[in-house]
Amino acid sequence: MSTYTDAVYSYLRQRLTPRTDLVEDLVQDVLLVALQKLDTFAGHSSVTAWLILIARHKVEDYYRSQLRAPGPLAELSLESAGPVTQPGFDERLDGARAQEKVRRVLARLPDRTVSCCSGGTGKTQYEGHGGAGGSNREGSRTSARARAQRVQAAVGSRVR
Amino acid sequence: MSEDQAFLRLAERVDAARHPTERAPARLKSRLYSVLMRQQAAAGALRSLSVIRSEGRPLCVFERSLELLPIGEHVKAMNPCRVCHARVLGERFEAAPIF
């Protein structure tokens with residue numbers, strides 16, 4: 001229980017700052033909900049991830065209720081909140097989500113466009129090829145730039 | 001894939017979920033333990049202290065004393081923590097002088 005509590009506490013504290021006074025009550029709510037819904041836990045993920053998902057819903061509920069009944073902002077004291085030492089969990093989650101989205105878009109592109117884009121090295125060809133000769137290098141850069149623009153247009157149309 | 005499933009998949013991969021950098025205060029853990037035990041007791045009979053120990057779970061010194069007493073099993077399954085001074089101290093102080 002200690003491990004799970006630490007994970008949920010850490011997540012909620014990061015999401016609710018500066019309202020850290022709410023964290024402990026919400027941790028309790030999360031664990032009570034988890035106990036009630038334990039039979040719905042399918043086991044497709046770890047218990048910690050499942051608890052953090054419940055915590056996420058609790059945070060959304062809280063902010064939704066705040067939107068419905070806005071209070072005076074002056075009551076919030078940023079000084080009393082204390083420092084948040086944990087690196088942003090949500091920022092890393094957003095980063096992972098963005099990577100996932102790029103991967104999905106690349107998977108939908110035709111093979112020629114993808115190879116033109118990545119060249120199998122993780123870099124674009126525009127970045128990856130240094131070239132040796134002067135005018136040759138310039139010509140290569142121009143064509144690489146044109147290819148990069150085509151890829152950008154193709155990716156843009158897929159994302160939209 | 002629903003938003004929740006995507007979140008679960010990503011949370012699995014993010015280290016913060018597996019290795020939280022902040023620890024919950026001890027008094028919060030005591031409080032949660034009491035709340036969850038209360039909830040469990042309300043839902044049905046708890047397991048006896050003797051059964052818990054035989055399954056290899058540790059008992060605190062007070063629970064162990066109760067377990068050794070020649071009393072019925074139903075008394076040993078009555079969530080003794082709810083009347084324990086250690087619980088009260090543990091829920092209010094970070095490093096409670098319990099024993």
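Leaving aside neighbours within four places in sequence, L12(A) is in contact with V23(A), L26(A), V27(A), A55(A) and V59(A), where two residues are in contact if their C-beta atoms, placed from the backbone, lie within 7 Å. This is a predicted model, in which local features need pLDDT of at least 70 and side-chain atom pairs count only at pLDDT 80 or more, while totals for chains, interfaces and linings use all residues. Residues are numbered from 1 along each chain as its sequence is written, and chains are lettered from A and ligands numbered from 1 in the order in which they are written.

L12(A) is also listed among the residues with the most contacts inside the largest nonpolar core, together with V8(A), V27(A), V30(A), L51(A), I52(A) and A55(A), and this core has 22 residues. At least two core residues come from each of α1 (2–16), α2 (23–36) and α3 of chain A and from α1 of chain B. A nonpolar core is here a set of buried Ala, Val, Leu, Ile, Met, Phe, Trp, Tyr and Cys residues joined through C-beta atoms within 7 Å. A residue is buried if 20 or more other C-beta atoms lie within 10 Å of its own, exposed if 12 or fewer, and partly exposed in between, with C-beta atoms placed from the backbone.

## The two chains in outline

Chain A has 7 helices and 0 strands, and 19% of its 160 residues count as buried. Helices (H or I, at least four residues) and strands (E, at least two) are DSSP runs, numbered from the N terminus. Among the contacts in chain A between residues at least 6 apart in sequence, 60% join residues at least 24 apart.

Chain B likewise has 7 helices and 0 strands, and of its 99 residues 11% count as buried. For contacts in chain B with a separation of 6 or more, residues 24 or more positions apart account for 54%.

## Where chain A meets chain B

In total, 29 residues of chain A are in contact with 24 residues of chain B. On the side of chain A that touches chain B, two or more residues are given by each of α1, α2, α3 and α4 (89–108), and α1(A) gives the most, with 7 residues. By class, this side of chain A has 14 nonpolar, 9 polar and 6 charged residues, where Ala, Val, Leu, Ile, Met, Phe, Trp, Tyr, Cys and Pro count as nonpolar, Asp, Glu, Lys and Arg as charged, and the others, Gly among them, as polar.

One helix pair spans the two chains: the axes of α3 (residues 47–68) of chain A and α1 (residues 3–13) of chain B come within 9 Å and cross at roughly 130 degrees, which makes α3(A) oblique to α1(B). Axes are lines fitted to C-alpha atoms, for helices over the stretch in contact, and angles run from 0 to 180 degrees between N-to-C directions; those under 35 degrees count as roughly parallel, over 145 as roughly antiparallel, 65 to 115 as roughly perpendicular and the rest as oblique. In this pair, A49(A), W50(A), I52(A), L53(A) and R56(A) of α3(A) meet D4(B), F7(B), L8(B), A11(B) and E12(B) of α1(B), and the residues of this contact divide into 7 nonpolar, no polar and 3 charged.

## A helix pair within chain B

Within chain B, the axes of α3 (residues 26–43) and α7 (residues 85–92) come within 6 Å and cross at roughly 135 degrees, and these two helices are therefore oblique to each other. Here R27(B), S30(B), R31(B) and S34(B) in α3(B) meet R87(B), G90(B), E91(B) and R92(B) in α7(B); the residues of this contact divide into no nonpolar, 3 polar and 5 charged.

R27(B), which lies in helix α3 of chain B, is partly exposed, with 17 other C-beta atoms within 10 Å. R27(B) and E91(B) are 64 residues apart in sequence and 4.4 Å apart in space, C-alpha to C-alpha. Not counting residues up to four places away in sequence, R27(B) touches G90(B), E91(B), R92(B), F93(B) and E94(B).

## Two backbone features in loops

Most residues other than glycine have a negative phi, and most peptide bonds are trans. The peptide bond from T17(A) to P18(A) is cis, with omega near 15 degrees, and P18(A) has its place in the loop between α1 and α2 of chain A. In chain B, N79(B) has a positive phi of about 55 degrees although it is not a glycine; N79(B) lies in the loop between α6 (73–76) and α7, and N79(B) is partly exposed, with 15 other C-beta atoms within 10 Å.
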